Amino acid sequence: MDQPRGRAFYLLAAVFALYVLFLYGPTLTILALSFQGPAGGLTFPMNGVSTHWFAKLWAGVGVVDIWAALRRSLALGLVVMALTVGIAFYAGLAFRKGFRGAGLVFALAVSSLIVPSIVVSLGIGLEFRLLDDAVKALAAATGWGFLQDHGTLMGLYTSALGAHLTWTLPFGLLIMFAVFNRFDPAYEEAARDLGASGPQTLRHVVVPILAPALVGVALFGFTLSFDELARTSQAIGGRNTLPLELQGLTTTVTTPEIYALGTVTTAVSALVIGTALGLTLWLQKRRARRALAGL
């Protein structure tokens with residue numbers, strides 16, 4: 001027979017409910033206010049319900065090209081995701097085998113989680129400015145015109161990419177370390193006993209078993225990059241990502257159009273998360289079917 005729930009249970013349930021409200025309340029508020037009518041403002045009460053502000057957003061927000069910024073954020077997020085998955089996976093393999101200086105490498109890899117993001121961004125920005133100065137000095141010394149017209153080395157896939165990897169790679173590494181700690185080497189030994197080479201074992205045994213974890217690393221990589229602001233601010237060059245444009249719009253846009261943009265970005269993140277979860281479930285079911293077929 002079930003025991004009656006005491007006062008402590010309801011107290012903890014109330015605390016949890018307040019926590020969930022605090023966590024998701026702002027997002028739900030922005031979602032609701034983005035569907036206001038044409039006469040709506042930035043606060044409650046709502047003045048009608050419509051998709052007017054989404055249509056305004058689609059037409060463009062003043063001089064800011066929101067959709068170009070969105071494309072840049074999506075493209076950068078996909079590149080960061082691919083690099084995070086690849087580097088974290090092979091780094092996990094290396095740490096699993098062990099090598100000299102592994103402790104130092106690990107400390108350096110995760111140290112960027114401790115350093116404030118804006119400091120990391122300033123450091124990367126300064127580094128690329130020094131590289132620009134070095135290129136200009138080389139151009140002046142050699143007379144090479146193509147170097148004089150190079151502009152800046154800072155950009156979406158140089159300095160900004162590096163800044164984002166300092167944020168996503170530590171999370172990818174920590175996930176892979178946890179996964180490899182639970183990985184049974186007997187699978188690899190069985191594959192080698194059956195005549196599989198090292199690359200074949202990696203491709204047909206290790207990767208399929210770790211596929212759900214790799215999807216999780218990819219999810220971390222994309223979402224952390226897509227929403228990153230501080231590490232991008234000083235290292236992006238002249239082409240802003242969506243979070244930077246959104247930060248700038250908060251001081252100029254005084255209509256629910258800014259809420260519509262927030263709803264769109266939230267929908268993109270939710271779509272990525274849903275896709276990752278669906279892919280993880282599919283991979284798990286596929287592995288279960290293969291296991292049953294082998295019995």
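At what angle do helix H4 and helix H7 pack?

## The model

This is a predicted model, where local features need pLDDT of at least 70, side-chain atom pairs count only at pLDDT 80 or more, and totals for chains, interfaces and linings use all residues. Residues are numbered from 1 along each chain as its sequence is written, and side-chain values use heavy atoms, without hydrogens and water.

## Helices H4 and H7

H4 covers residues 102-110 and H7 covers residues 159-181. Helices here are DSSP runs (H or I, at least four residues), numbered from the N terminus. The two pack at about 135°, with axes 9 Å apart. Axes are lines fitted to C-alpha atoms over the stretch in contact, and angles run from 0 to 180 degrees between N-to-C directions. H4 and H7 are therefore oblique to each other.

H4 brings Phe106, Ala109 and Val110 to the contact. H7 brings Pro170, Leu173, Leu174 and Phe177. Contact means heavy atoms within 4.5 Å.

## Serine 159

Serine 159 lies in H7. Is serine 159 buried or exposed? Serine 159 is buried, because its relative accessible area is 0%. The cut-off for buried is under 20%, and for exposed over 50%, with partly exposed in between (1.4 Å probe, protein chains only).

Beyond its neighbours within four places in sequence, serine 159 is in contact with Ile124, Phe128, Met154, Ala235 and Ile236.

Key: Angles under 35 degrees count as roughly parallel, over 145 as roughly antiparallel, 65 to 115 as roughly perpendicular and the rest as oblique.
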